[in-house]
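Work through the following exercises with the coordinates at hand. Each task is followed by a solution in steps.

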Amino acid sequence: MSTQTLTINGRDLSFEPGETILAVARRHHIDIPTLCHLKGATPTGACRICVVEVSGAQNLITACNTPAAAGLVVQTESAAVVAARKQIIQLMLGSGNHNCAVRGSDHQEWTSFQVKVQGEDGSSQLCPVWGDCRLQDLAYRYQVSAERFDAGPARYAMETVNPFIVRDFSRCIQCGRCVQACNEVQVNNAIQFGYKGPEAKIITPGDRPLKDSDCVFCGECVQACPVGALVEKDVRYAVRPWETQKTRTTCSYCGVGCQLYLHVRDNKVVKVTGAEVAPNHGSLCVKGRFGYHFINSPERLTDPLIKENGTFRKASWDEALDLVAGKFKQIRDTHGGDSMGVLVSARMTNEENYVAQKFTRAVLKTNNIDHCARL
Amino acid sequence: MTNTIADIEQADVILVTGSNTTENHPVLSTVIKRAVKFRGAKLIVVDPRRIKLTEFAHLWLRPNLGTDVAWINGLMHVILKEKLNKADFIANRTEGFDALSKMLEKYTPDFVEGITGIPAENLEAAAKMFAGAKAGSILYCMGITQHISGTDNVKSLANLAMITGHLGAPGTGVNPLRGQNNVQGACDMGGLPNVYTAYQPVADLAMARKMEEAWGVTGLSTQPGLTVTKMLPKAHAGELKALYIIGENPMLSDADLNHVEKSLKHLDFLVVQDIFLTETAQMADVVLPSACFAEKDGTFSNTERRVQRVRQAVTAPGQAKEDWWITAQIASRMGYPMQYADSRAIFEEIARVTPSYAGISYRRIEDEGLHWPCPTEEHPGTPILHTQQFTRGKGLFHAIEWIPPAEQVDEEYPLYLTTGRLLYQYHTGTMTMKSEDLNERAPESFVEISGKDAAKYNLQDGDQVTIASRRGEIRVRVRIQDKAVEGTVFIPFHFAQGAANQLTNGALDPVSGIPEFKVCAVKIGKAA
Ligand code: SF4
Ligand code: SF4
Ligand code: SF4
Ligand code: FES
């Protein structure tokens, strides 16, 4: 249908009406960096890292919110583009406690900066998300450092009063992804841009802590934040991505069946993130994202238990299974299968439910099987 | 669901009833909210509580508890009177319309207002909004099913969808939201007293023969079994001798808990298989430790019939084992050898005996799940049901009259109680209560009451009160909230201390066997 084309880095590329320059480039595997752009939300053009050079245009333009047009000639990594990006990155790095390796190498300056950040952060480690940060990646890609930027004391204190999320304003680059995630993806309308100029801050109405706002701790903003400004409380300084392995699975709470990643370290689930596929496309709720502690709870049952004189004692599988099988057999053979019942669970897999109903019908010889989900 | 979650975003009008979606299906609620905020969809919420979703609604109808059939009939009455019904859909795809339209005559907006308390003009506005839309989607949850008239309520919603032709197309459908993650799968797999997998009836002799052959046994019973709500009274009467409970905690989730406890005590032999020593497990003769979802492979089927993979991320603690392994061991030790190499082998057997899963395999759902029915390996799955015809051919209208709930308020018990869940807890709390952070947000049971009722009974926010019904009494803290509406209080059912189900009514829907959790009569007073 559409035969309209534009030129990116010398390649003639076709586009559909309404597509942005960014979308066309991505479709053709041309990498334009982005920070504020969030899939599924209206582009805001806030960070300007996606600027490109368009022949004939006075200024660089942002690719994420500029529609493709026939005949445009676009350069995505021209000298002017690279210079602009370097400047943006440098300003961002210099704006707060970005104490990762890209900060710079002037020994004296690094040490005093590090001491300041550690004081504000209460940790002797580098930034809680270093190695897993879009800003750090970009600084490395464009070889930018923030040396000689004097980072004064953080303007706003960290918010740690809720059990799920730490808000570290000193590392916020004002990209607004969290605002988009909260308002346009989850539509919880809990946060927005507040104050002006150097005072700028992401706030709840009335600038109250999240716990006293409409926030429902879905964590969409944490997953969207490209830097270390929003981090899960239990993960911050405790879990590093290179220590963990991810397994994709299905949430075990409600029937939506969100797809998620369990991040595992030493056989322990230490973090959960949403997977970017149907039905949830990366979103989770507070239970799916933060309700994983039961897995590793010390109260988990670890051994078969047999009750004797009113109290439980541990037993081996052989003993417990033989006891159960023997009793079931005896009751079935004496009173008939219909004197027995099985309750299965909406928390078991399909395979386990299948085996349980097969057992009920084929072995116990009754149809007395039900699940409690009607309850 | 007849349609998919993503499909809700295609609707022009969305009717949500008996579902506190933002708390119980949070991620699904984002689809509703986005449709309203960014795509101009209209939202009608019908709910006795001022739930969060009412803030997004164009119309909020607030029915008295247990009056769902009445307002649904009222909507249809208006739709017929205004000739907003979809005549060609009714003529081509349904039957029984005449009996329905005759029965609907008396459900005038004024008559319905008398029963439901919904102002006549709001009912009329909702009827026009829903029937006038190009695509209308109905979403419902336990607030519709947990009534003695639960089955009637569901059938009435189906009537409403058929009369407006809002079925079998994008953005339409009658969409039940499953409360627990694999309810859909448990039902699909035959975890029900009357059907094998894929709802193949046990009473059908040919079906029994087919299963006997597949399983290598003889003598499968063609007598439908007992529902859980019938099993417990039988246990109480001594007729049911043994119960094998896997991953459930009826000691907290069932209506009228006092009766449940007595029933379980009457059993000769109780085996409970679970991940924790739950209230129910404590009563068992033998407790068998299970692996949880993160420790096993398999599949879950979500509320939109999408079969998705579950994958092992960690090993189970101690001796805990997958539920299928434990059950298969018991079977083998009873003389019926059941051996599977792994969950994949079980799934392959499921596909062989289950027509709607026949085309699904682990390989096909590696990246993204498939919607059943998926009868062959080439079949792409079925995101939307009933596009051409209904399972039985023509859709059948049921002319259903409203009946009042089993229990009414009176002088002694002047308040209605309804129950439900909270965002930060899940079901009986066996999993969520192990997260300190979730507990911090929702630490204990409470009763939610309107400001007016609080003033009437002289209660302050935070007071300890006793709430009593004809069945029991609990102590909880008062929370005065604008979610509550005068005359009705709400208690979450997650908590063992202050358990709402000490109070609820065990009266059952005669068809589904679901108890009337959503309505009972209570009285409230300051705790001594
Ligand atoms: S956790 Fe969710 S609700 Fe809270 S601010 Fe972040 S996105 Fe908004
Ligand atoms: S908190 Fe994160 S996502 Fe939000 S504006 Fe700051 S850097 Fe961006
Ligand atoms: S993350 Fe939340 S919404 Fe998604 S399946 Fe889990 S409980 Fe349901
Ligand atoms: S990504 Fe385009 S302006 Fe931020």
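**Exercise 1. Determine how many residues of chain B are in contact with how many residues of chain A, and characterise the interface**.

Step 1. Contact means heavy atoms within 4.5 Å; by that criterion 154 residues of chain B touch 109 residues of chain A. The model is predicted: local features need pLDDT of at least 70, side-chain atom pairs count only at pLDDT 80 or more, and totals for chains, interfaces and linings use all residues. Residues are numbered from 1 along each chain as its sequence is written, chains are lettered from A and ligands numbered from 1 in the order in which they are written, and side-chain values use heavy atoms, with hydrogens and water left out.

Step 2. Buried area is the accessible area (1.4 Å probe) that two parts lose on being put together, summed over both. For chain B and chain A the value is about 11,300 Å², with 63% given by carbon and sulfur atoms.

Step 3. A salt bridge requires a side-chain nitrogen of Lys or Arg within 4 Å of a carboxyl oxygen of Asp or Glu. The count between chain B and chain A is 7. One of these joins A:Asp322 to B:Arg333, with the closest N and O atoms 3.0 Å apart. Helix H15 (residues 323-333) of chain B supplies 10 residues, the largest share of the side of chain B that touches chain A; helices are DSSP runs of H or I of at least four residues, and strands are runs of E of at least two, numbered from the N terminus.

Step 4. That side of chain B comprises 78 nonpolar, 45 polar and 31 charged residues. Here Ala, Val, Leu, Ile, Met, Phe, Trp, Tyr, Cys and Pro count as nonpolar, Asp, Glu, Lys and Arg as charged, and the others, Gly among them, as polar.

**Exercise 2. Which strand of chain B pairs with strand E13 of chain A, and in which sense****?**

Step 1. Two strands pair if DSSP finds at least two bridges between them. Strand E13 (residues 305-308) of chain A meets strand E9 (residues 286-289) of chain B through 2 bridges, in the antiparallel sense.

Step 2. Within this pairing, A:Leu305 has B:Val287 as its bridge partner in E9(B).

**Exercise 3. Describe the interface of domain 2 and domain 3 of chain B**.

Step 1. The bounds, from an automatic or database domain assignment, are 179-222 + 291-374 for domain 2 of chain B and 226-289 for domain 3 of chain B.

Step 2. Their centres, taken over C-alpha atoms, are separated by 23 Å. Contacts involve 10 residues of domain 2 of chain B and 9 residues of domain 3 of chain B.
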